[in-house]
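Work through the exercises below with the model open. Each task is followed by a worked solution.

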Amino acid sequence: MDYIPCPPEIAEIIAENDYEAIIFVDQSGIIRWINKGYTDFIQLTQQDCIGRFVKDIFPQSKLLEVMQSGKPQYGDFWELGGQQLIVHRWPIYRNGELVGCLGKSVFRDQLELAKKFVHRLQKLEKELHGYRNALARESRAKYTTEQIIGRSEKIARLRAKILRIARTTSTVLITGESGTGKELIAHAIHNASDRSHMPFVRVNCTTIPEELLESELFGYEEGAFTGARKGGKLGKFELAQGGTIFLDEIGDISRTMQAKLLRVLQEREIERVGGTHSISVNVRVIAATNRNLEEMIRHQLFREDLYYRLNVVLLQPPPLRERKEDIPLLAEHLLRKICHRLATPEKTLRPEVIGLFQNYDWPGNVRELENMLEQAVNLSDAAVLTPLDFPALLRRISLRNRKEQRPLAEALATAEKDILVNTLLQTGNNKKEAARLLGIHRSVLYRKLARYNLL
């Protein structure tokens with residue numbers, strides 16, 4: 001199509017309006033043109049201004065500065081006649097040679113609209129900044145190897161493996177029982193790596209409905225489905241760009257999602273829901289599960305090819321029952337943390353409590369230990385926690401002991417201890433009332449309690 005120049009009369013109509021101030025100066029700073037809207041505002045005529053040096057009419061003018069720098073200015077606030085204007089200034093070139101500078105200001109009713117727009121823009125920028133900060137907080141790994149508490153040989157080996165693994169970008173699979181600290185390990189790997197300054201994005205695959213998991217992981221384009229956000233949405237893989245994505249409970253995703261995740265691991269590309277092109281992702285993948293993936297493969301519940309893509313580096317944190325020597329240190333650490341979180345005075349544990357803890361197998365591992373300690377802190381006013389502050393644990397150990405075959409004397413001692421514990425629980429640790437119910441003197445009760453470390 002041929003270029004059709006704007007007719008002079010149309011250009012004049014555009015320039016001569018009551019809402020904008022337009023001025024043009026040549027390379028010497030002489031005003032060569034100014035529109036009537038501008039001269040009306042400053043209460044002069046066009047004849048008064050044209051041919052005059054711009055600083056004589058507008059001492060604060062920045063048009064000469066723009067010509068000297070050669071860089072345009074947009075959205076600058078400039079006060080004239082007691083009123084603020086929004087000014088744009090840009091140098092004008094012809095055949096590569098500077099010929100002057102054009103200035104354009106918005107004022108009167110349009111200025112108020114512009115001010116509202118700028119205010120709205122600033123508000124949106126502030127909100128965006130807040131969202132970015134929130135995302136940064138949410139996308140930051142919280143834990144390091146220092147939060148892996150214990151001095152046992154197994155924990156020392158685990159920490160050493162984490163630091164070694166952190167040097168690479170290989171995919172990591174963490175397996176083990178619930179409550180062994182799989183998420184803590186994922187955080188620690190990221191924080192010990194070169195990616196520690198980049199996002200750490202956690203996805204719990206069991207908390208996201210199956211029909212939404214794909215769009216959560218890979219994002220979607222605008223109009224991909226009913227209710228899709230305008231402009232689309234970034235998925236977790238894109239949010240983790242340059243960092244680490246932690247896929248918790250990976251054993252619970254469907255075979256369909258397994259196939260899509262396999263493609264991401266193979267190609268290092270994702271495709272948004274409703275999208276038509278692939279997006280490269282530079283993301284380290286750490287996956288975790290408490291399920292037996294090899295058993296699931298045998299039952300065709302988990303893809304074997306995905307398993308081997310995930311199982312590049314395998315970590316298996318030991319259950320608490322296999323590192324009972326760590327229980328004293330771990331219990332004290334958890335107790336301090338709980339008291340701090342609940343804003344309660346610090347408490348300590350009687351040695352008998354540690355013995356009780358080490359006499360239990362902790363099927364729920366560290367999480368179960370932490371929950372039991374938190375319950376005791378909530379229910380006890382004492383500064384020192386005793387075995388009686390852990391009634392649920394006493395019952396579980398008592399039930400376990402009943403199921404075991406032991407010598408008569410040991411069985412009788414256990415039964416006597418159980419009776420004492422249950423009576424004290426029944427009386428709210430009122431020893432006078434407990435002695436009455438048992439039909440023994442209080443001194444006898446105290447001797448028996450001392451024998452079983454229940455005082």
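**Exercise 1. Find which helices and strands each supply at least two residues of the lining of the largest pocket.**

Solution. Four helices qualify: H7 (153–165), H8 (182–191), H14 (327–341) and H16 (365–379). Strand E8 (244–248) joins them. This is a predicted model. Next, take the volume: about 700 Å³. Of the 28 lining residues, Thr180, Gly181, Lys182, Leu184 and Val366 are the closest to the centre. Finally, sort the lining by type: 13 residues are nonpolar, six polar and nine charged.

**Exercise 2. Describe the second largest pocket and name the element that gives the most to its lining.**

Solution. Start with the volume, about 370 Å³. Its lining has 20 residues, and Leu356, Asn359, Ile397, Asn401 and Lys417 are the closest to the centre. Helices H15 (351–358), H17 (391–403) and H18 (408–426) each give two or more residues. H18 gives the most, with six. By type, the lining splits into eight nonpolar, six polar and six charged residues.

**Exercise 3. Decide whether strand E8 is enclosed or open, and explain why.**

Solution. Step one: check burial, which means under 20% relative accessible area. Five of the five residues of E8 are buried, so the strand is largely enclosed by the rest of the structure. Step three: find the neighbours. E7 (residues 200–204) runs parallel to E8, joined by five bridges. E11 (residues 284–289) is also parallel to E8, again with five bridges.

Conventions: Residues numbered from 1 in each chain as written. Predicted model: local features only at pLDDT ≥ 70, side-chain atom pairs only at ≥ 80, totals over all residues. Heavy atoms only, no water. 1 Å grid on protein atoms, 1.4 Å probe; cavity = no way out; pocket = protein on both sides within 12 Å on 5 of 7 lines; lining within 4 Å. Points joined across faces, edges and corners; volume = space filled by probe spheres on them. Nonpolar A, V, L, I, M, F, W, Y, C, P; charged D, E, K, R; others polar. Buried < 20%, exposed > 50% of the residue type's maximum accessible area, 1.4 Å probe, protein only. Pairing = 2+ DSSP bridges.
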